[in-house]
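User: Please take a close look at one part of this model for me. Start with how its strands pair, then move to what surrounds the ligand.

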Amino acid sequence: MPVISIRNLTRTYLIGGDIEVQALRGVDLDVEKGEFVAIMGPSGSGKSTMMNILGCLDKPTAGTYILDGDNVSNMSGDERAAVRNLRIGFVFQGFNLLARTTALENVELPLMYRANVPPPAERRKMCIEALKRVGLEGRIDHVPTQMSGGEQQRVAIARALVTKPSIILADEPTGNLDSKRTEEVMELFNELNSKEGITTVMVTHEPEVAVKCKRVVLFKDGKIIGDGTPDEVLNKMAYGVIR
Ligand SMILES: Nc1ncnc2c1ncn2[C@@H]1O[C@H](COP(=O)(O)OP(=O)(O)OP(=O)(O)O)[C@@H](O)[C@H]1O
Ligand SMILES: [Mg+2]
């Protein structure tokens, strides 16, 4: 059974009550456990819209989304929030860390939103373990302004990992990083995927990021127009076979 199974998914935004924008127009996608998928495509092609639905931040207008065997497309906002907290780790382009808040406290946040908040000592242990996994055990008490961009993104990855999610969703996680930090962050994602089998779906505009993934799904105008190994899809893009 795939971790993610999507059928005929559409998302239409209404602007000003009467203008319709069709951000997704009938998407089918299966992602198996342990896959490492890059989502590519031009600006406005629906990538973030797709990620928001995958992450249960948003609901499709029509179509189905089965996550780990559960139909999340029919769930209420509260139910989706619970699914999100327990099963999904998010990483954003802008890190989205709380300022003036230590790495440890940032990582702790998703645990604080749980129905059953773990006791303080247990929380601390979980957070330190997550920070160790991203190589930041030496930065536990640093606030974001005392860390490099790459370190901040690794704190954000630790925050995504602390709940032991079944999938990690990352929307342009290297978009604000220079090439060296991009490489480091991609190495970390790769390691989490290959050693711990964490299913990862990542939006990127950068071919050098996409080649580090195992599969590339290409969006255009709210539809999937390419799906294959990074080599296959990037070659077709380069030669204009996929437009
Ligand atoms: N909240 C919204 N209300 C109305 N239209 C929206 C909204 N969010 C996105 N759109 C529109 O839906 C389409 C898809 O947007 P989306 O953000 O998914 O694109 P994207 O592929 O992530 O682009 P980028 O690479 O620039 O991040 C665009 O035409 C966008 O203008
Ligand atoms: Mg986007």
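Analyst: **Strand pairs and ligand shell**

Strand β3 (residues 36-40) pairs with strand β9 (residues 215-220) in the parallel sense, over four bridges. Here, pairing needs at least two DSSP bridges between the strands. Strands (E, at least two residues) and helices (H or I, at least four) are DSSP runs, numbered from the N terminus. The model is predicted: local features need pLDDT of at least 70, side-chain atom pairs count only at pLDDT 80 or more, and totals for chains, interfaces and linings use all residues. Residues are numbered from 1 along each chain as its sequence is written, while chains are lettered from A and ligands numbered from 1 in the order in which they are written.

Look at one bridge. Methionine 40 has leucine 218 of β9 as its bridge partner. Now follow leucine 218 to the next strand. Its bridge partner in β10 is glycine 226. Strand β10 (residues 223-228) runs antiparallel to β9, and five bridges join the two. β9 and β10 form a hairpin. Two residues lie between these strands. Aspartate 221 sits in the turn, with a positive phi of about 50°.

Next comes ligand 1. Its shell takes in residues whose C-beta atom, placed from the backbone, lies within 6 Å of it. Tyr13, Ile15, Val21 and Ala23 belong to the shell. Three elements each supply at least two shell residues: β1 (4-15), β2 (19-31) and α1 (47-54). Helix α1 gives the most, with three residues.
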